[in-house]
Amino acid sequence: MSVVVAGLGVSGTAAARGLAGSGERVIVLESIDGERQRAAAAELAASGIEVRFGEPVLPEGTSLVITSPGWRPDHPLLVAAAEAGIAVIGEVELAWHLRASDGSAAPWLTLTGTNGKTTAVRMLTSILSEAGHRALAAGNVGLPIVDAVRGPYDVLAVELSSFQLHWSSSLEPMAAAVLNVAPDHIDWHGSLEEYAAAKARIFENAGIVIYNADDEWSARLAEPYEQGPRRVSFTLGVPRPGQLGVVEDLLVDRAFVADPVNEGEELASLADVRPFAPHNVANALAAAALARAYGVPAEAVRRGLAAFVPDPHRIAHVARVGDVDYVDDSKATNPHAAAASLAAYPSIVWIAGGQLKGADVDDLVRRAAPRLKGAVLLGADRERIREALARHAVDVPVVEVPGQDTGVMDRVVTEAARLASPGDTVLLAPAGASLDMFASYGARGEAFARAVRRLAEG
């Protein structure tokens, strides 16, 4: 009997190695026969792992299928496995089963959400490290979780995507948090409800359920656990008993204290949260709640947040040119993320566009309209954003920049500079994915930064 791994990407390769290390016979199926894939196959062959290229076909004698996150549930291979009664799981579920069985396995602190996952998990890792724990960010960020569970760590900060959660059913994290839920990946899940249902799996076996009291969907997903495991929430308002929140300029815990009704504990100040924006304060509160669930003292929360270095392309200030700030939030790859970024600035020339992945932008534009001084649109779905602006921001000047050549971003930045006045912020918050024009959201952000620097140089 063989275990089949679907896909030769990062998670698929890690899953294949983990299975082979456990003595399983492994076959990897990969449809793309490229140079990178051939190199990966050669490395796996040294461990006795067979890689088959071409249209994936379920081999005879398959006992289990490990699917990669990007494979949709309606893929013919996965459908064939289900029809044959063969279990299909993801790399995260596999990692849970590969943990040490002698009680020494590191506990998982898990987190999901439409936006902010990576930032919050990295904040959490920084806090745990400042508390003296051997901690690692894993899962949808950093090291594949199959590799992480074999490492010498005290605790794992695990970021989980909706794709990964869809294929997971038996995870039992010490604590689990949902930051927020908004329409995203509808083309993969089929509906917002199915997408939310995948996110909800993170709570099913969690010891402590942590939700965002300010987010309708996050709160809704936590409702079934009101009488079950301990529930904790976080809010940007003043916290009630059982919550973490904000009191004036302080982050305060009224959940993980001896007497939540009568006392609270100061964790950090707003000045410790970088970059400062309301949604990033929520990220910090979620990270703090997970850390406190693990027993981290308050002073380590402050040190961890102060030591945290934000990843590139997340509300990153690029330059000030002619008293206009240029900010790169290329990581805002869906409307919910773009809305959070737009809410951080009072007067904006908005650079938007890309692949909307089936998401609607009307509510985003309606809410942002009072802050917009202008908009410059690029990418595959720029027309849909232009139409939303025409409906909800009729007085906002709009410039469309067609084309997919390497000079597009220079033209975009030039047009944005023309629309901006001193005191404005030119904000790249695309609300769409980047792959229509760029290799990644990072490449899009770098192109923006280079264009801004060239503008500054005249």
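**Exercise 1.** Determine how helix α5 (residues 117–130) packs against helix α12 (residues 298–307).

*Solution.* The angle between α5 and α12 is about 130 degrees, and their axes are 7 Å apart. Axes are lines fitted to C-alpha atoms over the stretch in contact, with angles from 0 to 180 degrees between N-to-C directions. Helices are DSSP runs of H or I of at least four residues, and strands are E runs of at least two, numbered from the N terminus. The angle therefore makes α5 oblique to α12; under 35 degrees would count as roughly parallel, over 145 as roughly antiparallel, and 65 to 115 as roughly perpendicular, with the rest oblique. The crossing of α5 and α12 is right-handed (the near helix is turned clockwise from the far one by less than a right angle). On α5, Met 123, Ser 126, Ile 127 and Glu 130 make the contact; on α12, Ala 300, Val 301, Arg 303, Gly 304, Leu 305 and Ala 307 do. Contact means heavy atoms within 4.5 Å. By class, these residues are six nonpolar, two polar and two charged.

The model is predicted: local features need pLDDT of at least 70, side-chain atom pairs count only at pLDDT 80 or more, and totals for chains, interfaces and linings use all residues. Residues are numbered from 1 along each chain as its sequence is written, and side-chain values use heavy atoms, without hydrogens and water.

**Exercise 2.** Is Asn 334 buried or exposed, and which residues does Asn 334 contact?

*Solution.* Asn 334 lies in the loop between β16 (324–328) and α13 (335–342). Its relative accessible area is 1%, and Asn 334 is therefore buried (under 20%; exposed is over 50%, partly exposed in between, with a 1.4 Å probe and protein chains only). Beyond neighbours within four places in sequence, Asn 334 contacts Thr 114, Asn 115, Asp 184, Ala 431 and Gly 432.

**Exercise 3.** How many residues does the largest nonpolar core have?

*Solution.* The largest core has 51 residues. A nonpolar core joins buried Ala, Val, Leu, Ile, Met, Phe, Trp, Tyr and Cys residues through side-chain atoms within 4.5 Å. Helix α4 (residues 91–98) gives the most to this core, with five residues.

Terms used:
Nonpolar A, V, L, I, M, F, W, Y, C, P; charged D, E, K, R; others polar.
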